[in-house]
Amino acid sequence: MSKKILWIAIPIIVILLLFGWVKGMYNNMVTHDETVKTAWSQVENQYQRRMDLIPNLVNTVKGYASHERETLESVINARAKATQTTIDPDNLTEESINRFQAAQGELSSALSRLMVVLERYPDLKANQNFLELQAQLEGTENRIAVERKRFNETAQQYNTYIRSFSNNIFAGMFGFTPKAYFTAESGAERAPVVEF
């Protein structure tokens, strides 16, 4: 009788241990995946903060530099395009992040051109509202860089976890795929030329 119980108990214990191990691994993958999604939402929050500041900046500039219409329109158009480019957090592929990054890069470029043009307007540069908006925009750019770094770190932890042996076997079975990273924009490897 005791041998019969032993032959039944051992497979049940092994099955329960195996189930607990797979369950723990799956739950860890879910936790890492959710951490990546949270980090991504923080990236989007900072980009949204920047987009929210732009209309105020454009309106402030309009009064001083109304004949810089083309530059202002390029900022507005780039903002509209960046607003329309979104990514589903479940689909953080290299292609989708590159598309998002390209739209945000166009906006950054348009803002840079605007700031260069505004150097010609000393009254605007002395305007307190403009200075505050400019400082907030600079702070937001720093926040974006920090959140992108955090996103890359969490994506790296997630990717490492799902690619580790034996996790990689179950990750594929459960549909967990690697997440893409933010990368440096093209041309970032060259130092800018400064001329006086």
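Helices here are DSSP runs of H or I with at least four residues, strands are DSSP runs of E with at least two, and both are numbered from the N terminus. With that in hand, R50 has its place in helix α1.

A word on the basis of these notes. This is a predicted model, in which local features need pLDDT of at least 70 and side-chain atom pairs count only at pLDDT 80 or more, while totals for chains, interfaces and linings use all residues. Residues are numbered from 1 along each chain as its sequence is written, and side-chain values use heavy atoms, with hydrogens and water left out.

1. Leaving aside residues up to four places away in sequence, R50 touches Q104, L107, S108, L111, L137, T140, E141 and I144 (contact means heavy atoms within 4.5 Å).

2. Next, the core. A nonpolar core is a set of buried Ala, Val, Leu, Ile, Met, Phe, Trp, Tyr and Cys residues joined through side-chain atoms within 4.5 Å. The largest one has 46 residues, and M29, W40, L57, L118, F151 and F182 have the most contacts inside it. Two or more residues come from each of α1 (2–64), α2 (69–84), α3 (94–118), α5 (128–163) and α6 (167–174). Helix α1 gives the largest share, 14 residues. As general background, nonpolar side chains in soluble globular proteins tend to be buried together.

3. F182 deserves a click in your viewer. Beyond residues up to four places away in sequence, F182 touches W40, V43, Y47, I97, F100, Q101, R148, F151 and N152.

4. Please look at the backbone between F165 and S166, where the peptide bond is cis, with omega about -10°. S166 sits in the loop between α5 and α6.

5. F165 also belongs to a nonpolar surface patch with Y26, I169, M173 and F174, and together they have about 560 Å² of accessible area. Areas come from the Shrake-Rupley method with a 1.4 Å probe, and for residues only the protein chains shown count as cover. Patch members have over 30% relative accessible area and no salt bridge; like charges are joined within 9 Å and nonpolar side chains (Val, Leu, Ile, Met, Phe, Trp, Tyr) within 5 Å. A salt bridge is a side-chain nitrogen of Lys or Arg within 4 Å of a carboxyl oxygen of Asp or Glu. Three residues of the patch, the largest share, come from α6. M173 lies in that helix, α6, and counts as exposed because its relative accessibility is 57%.

6. The Y26 and F174 rings are edge-to-face, because their centres are 4.8 Å apart and their planes are at 75°. This pair links Y26 in helix α1 to F174 in helix α6, 148 residues apart. Y26 is partly exposed at 34% relative accessible area, and F174 is partly exposed at 36%.

7. Y26 and F176 also pair edge-to-face, at 5.7 Å centre to centre and 70° between the planes. Y26 lies in helix α1 and F176 in the segment after α6, so this pair ties together parts 150 residues apart in sequence. F176 is buried, with a relative accessible area of 11%.

Definitions and conventions
Buried < 20%, exposed > 50% of the residue type's maximum accessible area, 1.4 Å probe, protein only. Phe/Tyr/Trp six-rings, centres within 6.5 Å; stacked < 30°, edge-to-face > 60°.
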